Amino acid sequence: MQPLVISIFAFGILSAQVLKLDQSPYAKLHDVPVSAVTMGDGFWSERRKVNVEKSLPTMIQLLEQHGIVENFRNVASKNSAPHNGPVYTDSDLYKWIEAAAFVLQSGDVPFLHAKIDELTDTILSAQEPSGYLNTYYQGVNASKRFTEMYRSHELYCLGHLLQAAIAYYRATGNRKLMDGGIRYADYLVENFGPEKRPALTGHPELEMGLIELYRTTGQRKYLEFAGYLLSGVERERLHLKDSQIKYMFSGVPFTSRTQFEGHAVRAMYASCGATDYYAETGDARYRQTLETLWRDMVAHKMYITGGVGSRSQDEAFGNDYELPNAQAYTESCAAIANYMWNWRMLMVTGESRFTDVMERSLYNGTNSGMSLDGTLYCYRNPLESTGEKIRNEWYETSCCPPNIERTLSSLPGYIFNTSKQGVYVNFFHNATMDWHLEDGAKLRVRQSTQYPWNNRVEIAVDPAVPAEFSLFVRIPEWSKTTAVQINGASQHGVAAGAYYEIRRRWSRGDHVEVTFDMQPRLTRANTLVRENVGRVAVERGPLVYCLEQTDQPKNTRLFDEELSAGRGFTEEFSRDLLGGITVLKHNGSVAETPLEDEPLYAALEAPKPRSKPVTLTFIPYYAWANRGQDSMEVWVPRQ
Ligand code: FUB
Ligand code: ZN
């Protein structure tokens with residue numbers, strides 16, 4: 001294990017944002033660089049520490065062991081070794097590089113820095129003089145190059161290469177990998193397009209990569225090529241079938257989409273790319289389509305955990321209200337993609353409904369994807385389980401682990417934003433932003449909080465010189481009554497589900513105190529989600545809770561239990577449990593004899609099985625399956 005060495009950010013490249021939106025005409029909000037935000041102790045810092053010390057080092061070892069790096073060496077040495085892993089494995093290495101590069105944006109870690117440099121050389125040694133680079137299609141499959149774009153992932157892998165290379169360039173100023181990505185992108189732009197050969201993102205992703213490359217280089221051809229991919233004009237030239245178009249979420253104009261369908265990650269990444277495209281062009285058809293899709297998702301297709309994609313068949317969205325619990329597919333990548341998409345929607349609108357979805361996904365359906373020790377991952381994130389093995393260190397399709405890793409390592413870049421009006425506080429965590437207003441005036445904003453365990457957040461606002469601007473504090477939609485004080489004076493008109501704007505002349509020493517309503521709450525689903533009829537979910541703040549068998553009274557079985565009526569929870573912070581969590585307890589009941597002893601069907605008038613009172617213990621959903629394989633349930637029957 002390499003020692004963790006975080007030093008002061010040493011590279012001098014201070015504009016290392018997640019997205020570079022400062023010149024994007026239709027972005028209302030702008031990213032604050034990852035390097036400008038220092039995260040203090042707390043919920044996410046624990047996860048981020050594990051990410052750097054355990055997850056990234058073990059994942060690169062596994063990528064090596066499974067031949068994913070070897071693929072590049074094999075191509076470079078022109079040996080005839082078969083390709084290791086599925087068609088898209090190059091992207092898993094690129095995503096690991098992106099994750100490591102975001103770590104470097106917060107400070108140097110020599111091991112990661114050196115590893116990326118080494119991998120850059122290995123990757124580029126496989127690149128052809130034309131710029132083409134995809135290890136699957138450079139060996140025995142070379143003759144199939146660009147002939148099966150609906151499945152080939154050639155463009156998808158380039159998208160991940162660009163994102164990784166840009167993140168590393170922004171961390172270090174080293175553009176070697178990015179120049180390799182540019183060579184491949186230029187090859188595409190020169191050879192493909194309406195008057196040239198037809199191109200298709202069989203797995204959308206490159207759209208995002210190209211638009212970030214446009215933002216980084218200023219070269220409009222990359223934006224235009226992304227627009228061409230989103231325009232989906234090649235259906236006929238590529239002889240695409242309806243089923244492929246549905247599955248890929250590409251191949252027809254993005255603006256013709258009216259609902260989410262098909263492969264969830266593809267659909268979400270396409271929506272990310274389309275939002276990026278809107279941020280640059282302001283094309284109203286995109287804005288309209290994105291709104292329609294967002295409403296479709298939150299009204300019909302999103303799990304309470306922020307996960308999406310109900311079906312294992314095709315890793316796809318289901319029909320409206322098709323949100324099974326045990327069978328839920330909810331791939332980690334889909335929850336992450338949902339988070340990424342809503343980030344982009346926030347940037348172009350400034351509306352907190354998008355940040356609310358991000359928070360839901362981040363704390364629950366994304367966070368569940370990695371074990372607390374950082375070495376085991378969920379591919380699926382079901383909401384009910386009878387204890388099947390859900391966490392593994394490696395998957396043949398290993399897209400999710402580095403996706404979670406890049407999310408954690410880029411987190412400082414999501415906490416704050418700026419706009420022409422001032423500063424946005426999106427997420428709550430001990431964190432200090434040393435940045436500036438959009439007019440260039442230097443500013444420090446410092447949050448102190450134990451969120452999500454505690455409901456209070458103090459925000460110290462320290463402009464270098466007194467200045468008038470707005471501080472926009474997100475009031476989550478779940479916090480129905482929120483108290484805000486400015487320098488001790490209570491404020492009025494604080495509404496849930498909105499950014500609370502505090503416009504004033506700020507001076508050094510000013511501070512805001514926000515107290516959220518973090519009472520545990522019971523949530524019901526629309527009764528069209530038939531599986532959840534008669535059930536409730538327990539939430540507290542941003543966290544969704546669940547029952548895990550091991551916490552329940554001895555000799556009782558989770559699936560024999562019901563929650564009693566009433567709202568009386570007791571809360572207890574348990575420092576030694578699951579890394580430190582707030583445990584919730586509630587009265588419940590359990591069948592006196594196992595429900596299996598009951599007949600399958602009985603007359604409605606027949607006496608119900610006898611039950612006895614028990615105390616049910618809830619833990620945060622993200623923390624389940626960290627103490628071995630166990631039964632778990634999010635939606636609990638209620639008397
Ligand atoms: O196809 C590449 C990745 O593998 C997708 O994003 C995941 O859903 C998995 O299928
Ligand atoms: Zn995945």
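Into which domains is the protein divided? The structure is a predicted model, and its chain is divided into domain 1 (2-414), domain 2 (417-515) and domain 3 (522-637).

Strands of a sheet pair through backbone hydrogen bonds, either parallel or antiparallel. One sheet of this protein is open and consists of 5 strands in the order β1-β6-β7-β11-β14, with mixed pairing. Its edge strands are β1 (30-31) and β14 (498-506), and each of these pairs on one side only. The partner of β1 is examined here in detail: β1 and strand β6 (residues 416-419) pair in the antiparallel sense over 2 bridges. Within this pairing, H30 stands opposite T418 of β6.

Two helices lie across strands of this sheet. Helix α13 (residues 332-349) lies across β1, β6 and β14, and its direction makes an angle of about 25° with β6. Helix α14 (residues 352-366) lies across β11 (467-475) and β14. The angle between α14 and β11 is about 50°.

The loop between α12 and α13 also deserves attention. Y321 is found in this loop, and the phi angle of Y321 is near 65°, a positive value in a residue other than glycine. D320 forms a salt bridge with K301, and the closest N and O atoms of the pair are 3.4 Å apart. Why does this pair tie together parts that are 19 residues apart in sequence? D320 lies in the loop between α12 (284-301) and α13, whereas K301 lies in helix α12, so the pair ties those parts together. In total, the count for the protein comes to 47 salt bridges.

A second open sheet has 7 strands, in the order β2-β8-β9-β10-β15-β12-β13, and its pairing is antiparallel. At its edges stand β2 (37-39) and β13 (489-490); each has a single partner strand, so one side of each is left without a neighbour in the sheet. Inside the order, strand β8 (residues 431-436) and strand β9 (residues 442-449) pair in the antiparallel sense over 6 bridges. One residue pair of this kind consists of H436 and its bridge partner K442 in β9.

The peptide bond from Y451 to P452 is cis, with omega near 5°.

How many residues of domain 2 are in contact with domain 3? There are 4 such residues, and they are in contact with 11 residues of domain 3. The centres of domain 2 and domain 3, taken over C-alpha atoms, are separated by 37 Å. The size of an interface is often given as the accessible area lost when the parts come together. For domain 2 and domain 3, the area buried between them is about 560 Å², and 67% of it is on carbon and sulfur atoms. P452, W453 and W478 supply 94% of the area that domain 2 buries against domain 3, more than any other three residues. The count of salt bridges between domain 2 and domain 3 is 0, but 2 residue pairs are found in polar contact across the interface of these domains.

Methods
Residues are numbered from 1 along each chain as its sequence is written. Chains are lettered from A and ligands numbered from 1 in the order in which they are written. This is a predicted model: local features need pLDDT of at least 70, side-chain atom pairs count only at pLDDT 80 or more; totals for chains, interfaces and linings use all residues. Side-chain values use heavy atoms; hydrogens and water are left out. Two strands pair if DSSP finds at least two bridges between them. Helices (H or I, at least four residues) and strands (E, at least two) are DSSP runs, numbered from the N terminus. Contact means heavy atoms within 4.5 Å. Axes are lines fitted to C-alpha atoms, for helices over the stretch in contact, and angles run from 0 to 180 degrees between N-to-C directions. Domain bounds come from an automatic or database domain assignment. Buried area is the accessible area (1.4 Å probe) that two parts lose on being put together, summed over both. A salt bridge is a side-chain nitrogen of Lys or Arg within 4 Å of a carboxyl oxygen of Asp or Glu. A polar contact is a pair of N or O atoms within 3.5 Å; within protein, one must be able to donate a hydrogen and the other to accept it, and residues adjacent in sequence count only if both atoms are side-chain atoms.
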